[in-house]
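Let's go through a few labels together and see what stands behind each one. Here is the structure to keep in view.

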Amino acid sequence: MRLKPINVVPAGKRPPIKRSTCRKNYYCMLKAWLLKKRITGFYFAVSAAALLLLMMGTYNYLGNYVYVVFLDDREVGIVEDASDVEGFINDLTSKCGELYGMAVHTGTKIDLVREFRPDSKPEPEAVMEALRSQLSLITDAYMITVEGKPLVPVASEKDLETVISYLKTSYIRDSEAIKILDINVVENLGIESCSVNPDNIYSAEEVASLLVENSKGQPMYASFFPEITGRGALINRSSFSDAELGFKLQDDINPSQVFNGSESDDLNELVNAEVTVKIVEEVTVTEPIPFNVEYTYDSEMWIVQNEILNPGKEGKKEIIYHVTRENGQEIERIKLSESIIEEPVTQVEVFGTAKVPSIGSGQFIWPVESGGEVTPGRGFSTWHTGIDINAPSGTNILAADSGIVWFSGYGGSQGNYLILYHGSYWTLYLHNKTNLVSEGTEVRQGDLIALLGSTGRSTGPHLHFEVRLDDGSGEWLTYYQHKPVDPLQFFHP
């Protein structure tokens, strides 16, 4: 039956409906509803099937998306879940932080890029192994600088103050006579934030020690650092096994340092830094005042005799200086004041003016007790002005004749030697181990005057004995003034 078209009218102006018309409309409405349900069910089934296919396709499509892991822009593998890598990195930095006693983070650039890679197979174990072997770690630190140039990293900003304190203390002299007026580090020491390998953190004590060594002219290399003990910022990792850490630390990682926003060369380069500690001291010292000597003369004393009538005594004075030192070396000394504590005492000496008497007999005895023989080839000659008598060291040497000791002392080639005046003759005794008489002493023939030895220019224990004729002056003024003669002519078999 053909339905009549529905007239659409505005609301509130609908005409009254007749009953007969109403029954007919119920039938049409039911028929239309059944028709509508059949059409909607068909479309629902089609839609559900399409949605299922779409979901299955989407799942299969998304399953081909993986995370590609890059280390410093170099691909090392793929993983399915980014949280696996993130968890490994967090675990690694946590355990290393415990190991070093400081917060650490990765120094290697790590990127996780999600990409569509059909038929790719994630390899999380290979990725973790690559991370274990290739990751480097860094920590936030502070770089000590000298005149703006990087020196070495430390753990804290306060370490700079400690370094400066240690430097100053290194050059302070401990003495009650010294008062520190001023002390400062000449160069500008600064500190800036940086990131370094935890193994390259140094203690303030180490830095100060190295700067002191470098200031002595010794080049300072980072490779020299481990020779210094007391690395307070570092912890011995030997107490941690690789199994406990869950990874293997690299032993040959080059130190990664970031300073002023740019990467430097590694820390094994020469650190060409010298630091000057300048100290101004007020130094109070006591210095001696030399005494003066007055000479008098006595005609009753021989000219080889002298006597100290009044011993001299040094005085004392107190002087205050301002002393400037750089790295312990004095570069300037200024005298501020001087005061006398004790005046010196003048020494008075008396010298004889009388001619030395001639008390010799002109007859000589053998000068070496218990014998001794003349060394072959070392008798009297034009080039050898005496005789060499061999005898054991320490053998007694006797005065060959009575006389006056004119000289008793030391000469460069003669060693310890004596000169005796006998009147017409002079006798000389060279290379003695010890002289036993002093100048001006009167001796008798046979008196013990020295012990035989080998002092001066000598090849062994012996006595070089000379006899010289007086030139008529009765005085010894120069070594070759009096003519030498052969001593053996005075001895009879």
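Axes are lines fitted to C-alpha atoms, for helices over the stretch in contact, and angles run from 0 to 180 degrees between N-to-C directions. This is a predicted model, in which local features need pLDDT of at least 70 and side-chain atom pairs count only at 80 or more, while totals for chains, interfaces and linings use all residues. Residues are numbered from 1 along each chain as its sequence is written, and side-chain values use heavy atoms, leaving out hydrogens and water.

Q: Why is α2 called roughly parallel to α3?
A: The axes of α2 (residues 82-100) and α3 (residues 124-134) cross at roughly 30° and come within 11 Å. Angles under 35 degrees count as roughly parallel, over 145 as roughly antiparallel, 65 to 115 as roughly perpendicular and the rest as oblique, so α2 is roughly parallel to α3.

Q: Which residues of α2 and α3 meet?
A: From α2 come D84, V85, F88 and I89, and from α3 V127, M128, L131 and R132, where contact means heavy atoms within 4.5 Å. The contact residues divide into six nonpolar, no polar and two charged.

Q: What makes N327 buried or exposed?
A: N327 has a relative accessible area of 18%. Buried means under 20%, exposed over 50% and partly exposed in between, with a 1.4 Å probe and protein chains only, so N327 is buried. N327 also has a positive phi of about 55°, although it is not a glycine.

Q: How do you know whether S370 is buried or exposed?
A: The relative accessible area of S370 is 73%, so S370 counts as exposed. S370 has a positive phi too, of about 70°.

Notes. Helix = DSSP H or I, 4+ residues; strand = E, 2+ residues; numbered from the N terminus. Nonpolar A, V, L, I, M, F, W, Y, C, P; charged D, E, K, R; others polar.
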